[in-house]
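Biologist: I would like to learn how to read a model of this kind. Please start with contacts.

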Amino acid sequence: MASETMLKAPRPTQPMRLARLIAMKEEVQDRLSRVEADRRRQAKPPESDAQERAIEFENDEVLDRLSESLNVQLTDILTAIRRIEVGIGNRCAVCGRRIDERRILVLPQATRCRRCA
Ligand SMILES: [Zn+2]
């Protein structure tokens, strides 16, 4: 008689979460370096036309905001990775309660529970 294979339901285990976070980190870093490259490209030729200058200024603001938001994302991801590494990845950074697994599944970078978010 063949022994039955126990099939466990997939759970967001810390190694899986860590792998997802590392992939997210690489993606955000990649996008950041592209934004920085765009910014450098724009900074180079000073356009003489006033209208073009205005457009460039607008683009600069868009790139600034994008870069800012990407940096915030990167910080969140790095914080979550660090918390997992020291063994408190499932704990809310504010109240210390356990972060719901479904929340972690949707938001691997979460460091706060739903109540404290
Ligand atoms: Zn909390």
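Modeller: Two residues are in contact if their C-beta atoms, placed from the backbone, lie within 7 Å. Bear in mind that this is a predicted model. The mean pLDDT of its chain is 86, and 85% of the residues reach 70 or more.

Biologist: Which residues is Leu21 in contact with, leaving aside its neighbours within four places in sequence?

Modeller: Ile77, Ala80, Ile81, Pro108 and Gln109. For the chain as a whole, 63% of the contacts between residues at least 6 apart in sequence join residues at least 24 apart.

Biologist: What secondary structure does the chain have?

Modeller: There are 3 helices and 0 strands, in the order α-α-α from the N terminus.

Biologist: How do I read the span of a helix such as H2?

Modeller: Compare the span with the one expected at 1.5 Å a residue. H2, with 36 residues, reaches 52 Å from its first C-alpha to its last, close to the expected 52 Å. After H2 comes Gly87, with a positive phi near 85°.

Biologist: Which residues of H2 are buried?

Modeller: A residue counts as buried if 20 or more other C-beta atoms lie within 10 Å of its own. In H2 these are Leu70, Ile77 and Ala80, and helix H1 (14-43) is part of what covers them. Across the 117 residues of the chain, 13% are buried.

Biologist: How many residues make up the largest nonpolar core?

Modeller: The core has 10 residues, among them Leu21, Val28 and Val35, together with Leu70, Ile77 and Ala80. H1 and H2 are the elements that give two or more residues to this core.

How values were computed:
Residues are numbered from 1 along each chain as its sequence is written. This is a predicted model: local features need pLDDT of at least 70, side-chain atom pairs count only at pLDDT 80 or more; totals for chains, interfaces and linings use all residues. pLDDT is the predictor's confidence in each residue, from 0 to 100. Helices (H or I, at least four residues) and strands (E, at least two) are DSSP runs, numbered from the N terminus. The expected span of a helix is 1.5 Å times one less than its number of residues. A residue is buried if 20 or more other C-beta atoms lie within 10 Å of its own, exposed if 12 or fewer, and partly exposed in between; C-beta atoms are placed from the backbone. A nonpolar core is a set of buried Ala, Val, Leu, Ile, Met, Phe, Trp, Tyr and Cys residues joined through C-beta atoms within 7 Å.
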